[in-house]
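Student: Please show me the model, and let us go through it by question and answer.

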Amino acid sequence: MSVPGVASHILRRTALRSTRAAETATATSRWIPLTTQTAASRCFTRGYRPAAITAGQRRALSSTVRRRFATPDDSFDPLTIERESDQVDVCIVGGGPAGLSAAIKLKQLANEAGNEDFRVLLLEKAGELGDHIVSGNVVEPSALNELLPDWNSEDNPNRFENVTPATKDKMRFLTKNSSIPIPAPPQMNNHGNYIISLNQFSKWLGERAEEVGVEVYAGFAASEMLYHPDGSVKGVATNDLGISRSGKPKDSFERGMEFHARCTLLAEGCHGSLTKQVAKKFDLRRDSEQQTYGLGIKEVWEIDPAKFEKGLVVHSMGYPLPKDTYGGGWMYHFGDNMVSIGLVVGLDYPNPWLAPYGEFNKMKHHPLYKNYLEGGKCISYAARTLNEGGYQSIPKCAFPGGALIGDTAGFLNVPKIKGTHTAMRSGMLAAESAFSALAGTSDSEGAVFLFDYEDKLRSSSIWSELKAVRNMRPSFHSPLGIYGGIIYSGFSAFISRGMEPWTFKHGGRDHEATKAADQCKKIEYPKPDNNISFDILTSVSRTGTNHEEDQPVHLQVADWDKHAQMDYPKYKGVENRFCPAGVYEYVEDESKDLGVRFQINSQNCVHCKTCDIKDPSQDINWQTPQGGEGPKYVMT
């Protein structure tokens with residue numbers, strides 16, 4: 001399919017999203033129906049044009065008429081309609097720092113080689129780049145300096161201006177009412193680093209990608225891997241639009257599209273849905289440990305200017321989390337009187353009564369944080385899981401026809417609390433390998449294998465950096481809990497410096513750590529005061545989340561009643577507590593044997609993936625909803 005055909009596909013989809021946005025406004029009050037600006041209206045109000053136009057390919061758009069169905073037809077199978085397809089050199093799934101860095105590097109190499117026809121296409125499920133990006137971010141600029149040396153130069157009119165140099169570090173151990181200074185490990189020294197909004201940074205990086213000729217298509221949710229007859233990856237397909245909740249096509253039905261590529265790079269972020277598919281197919285975890293995860297919950301506040309300390313970086317451990325639960329808080333002062341505040345909770349916590357959102361509310365009331373927040377205003381809320389497995393949990397990253405890059409592969413440095421630089425560098429290394437592999441073959445369509453990508457990773461700073469801190473996170477599994485972890489981490493950071501001849505193993509998978517409710521102390525959380533702490537639905541309303549109600553539920557549970565029978569008697573509604581968006585509920589229902597009915601409010605979903613990871617019965621599968629839906633984060 002030609003570029004005009006792709007652009008035509010975009011215009012048809014934005015028209016469909018315009019219609020869906022109007023329909024969604026009538027959703028029930030249990031869900032959070034937020035009227036958000038549609039992708040189509042943003043195109044006009046912000047002067048945005050599809051990448052097929054902005055990437056230096058100004059061609060006439062196709063006028064293909066969208067397929068419509070006058071009446072529902074139970075006998076109609078949408079899969080019988082052939083999908084449109086497009087052939088590119090490299091297809092990248094995910095518009096975060098890793099995917100965008102890979103795309104930019106590929107086009108830089110191609111342009112330097114005089115191959116301007118080399119096609120790099122990037123798909124992003126969010127309506128706009130950055131809309132789904134969450135991070136409490138103090139960025140180490142090493143990879144960015146290499147990719148775009150003038151990124152913050154005064155001589156560059158397109159420099160990234162929204163940066164705040166980190167000026168002061170604080171590390172605190174919290175008890176309920178006190179704050180005890182503790183030495184920060186060398187990895188947490190932020191001299192030379194910058195506090196940024198990763199949401200804003202991703203938008204800016206997308207503009208730089210389009211400048212060098214990357215075709216960026218936001219609002220396209222890649223939901224299926226495609227394979228050649230020999231089993232190698234052929235590309236990806238986006239999901240169908242206009243399918244009702246019952247699975248039947250509506251009059252707005254639009255078949256998904258296939259993107260065929262000689263190399264497909266998956267940059268989906270933590271626990272990617274396509275990454276799960278290829279990891280299973282190619283057994284990418286055969287030589288690594290299972291991944292372990294944390295849930296990050298954050299808010300952005302505008303605070304009293306008298307309390308603002310520009311460039312301040314604060315990290316805390318201890319309260320409010322119990323000693324058997326790994327995690328910690330942060331607070332970064334950036335921009336003009338803005339504060340990023342958040343809490344990460346390791347998802348291997350044992351007590352099913354624990355609610356990460358409730359712990360976050362408690363943390364904000366601690367004097368260390370409350371003193372800054374009082375008199376301020378909460379601007380936005382966000383939640384996302386992150387990989388915490390580190391060195392031990394890195395899978396095989398290359399597979400026939402593609403590779404894993406960024407956080408979907410698990411390159412976060414947990415003790416350093418940084419992953420943007422490693423994500424970007426992995427994307428750049430994969431780009432170098434992909435361009436070399438493609439340039440070395442005359443085959444115009446067959447898949448390539450990135451043989452040297454694994455070698456590049458092992459000889460890079462990513463590998464040495466993660467290996468040096470490999471034992472810190474699993475050290476918290478000792479019987480001493482947080483205290484043992486702090487002691488060992490101090491030993492590793494200041495004495496052995498990661499040169500230990502041993503490598504600790506992680507515990508079991510996160511969901512396996514969950515104990516029965518009757519074995520744990522029940523936790524009662526204080527009622528939010530609506531000044532510093534808020535109820536969960538108020539917070540979700542600050543995410544800009546929007547989903548069409550009449551579509552298949554993307555949180556896939558084969559049998560809701562069976563799920564309740566497996567989980568509720570033992571865990572007493574753990575799903576409602578681990579979810580930071582109020583998606584899951586057990587509603588009183590006398591018609592059910594349990595006296596409760598399991599309910600999924602999928603419209604609330606902020607795409608954090610916690611349910612897919614933490615659910616004890618492991619029968620919740622997070623699948624991407626229609627493209628352009630989900631949260632629309634601001635300054636996260």
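Tutor: This is a predicted model, where local features need pLDDT of at least 70, side-chain atom pairs count only at pLDDT 80 or more, and totals for chains, interfaces and linings use all residues. Residues are numbered from 1 along each chain as its sequence is written, and side-chain values use heavy atoms, leaving out hydrogens and water.

Student: Which residues of helix H11 (residues 451-458) are buried?

Tutor: Helices are DSSP runs of H or I with at least four residues, and strands are E runs of at least two, numbered from the N terminus. Buried means under 20% relative accessible area, exposed over 50%, partly exposed in between (1.4 Å probe, protein chains only). In H11 the buried residues are Tyr453, Glu454 and Leu457.

Student: Within what arc do the buried residues of H11 fall, seen down its axis?

Tutor: The arc is taken from the directions from the helix axis to the C-beta atoms. The buried residues line one face of H11, because they fall within an arc of 95 degrees.

Student: Which residues are exposed on the other side of H11?

Tutor: The buried residues of H11 pack against strand S19 (398-399), strand S20 (402-404), helix H10 (420-439) and helix H12 (461-468), with contact meaning heavy atoms within 4.5 Å. On the other side of H11, the exposed residues are Phe451 and Asp455.

Student: Is phenylalanine 494 buried or partly exposed?

Tutor: Phenylalanine 494 lies in helix H13 (residues 482-496). Its relative accessibility is 39%, so phenylalanine 494 counts as partly exposed.

Student: What percentage of the 636 residues in the chain is buried?

Tutor: The chain has 17 helices and 24 strands. Of its 636 residues, the buried share is 62%.
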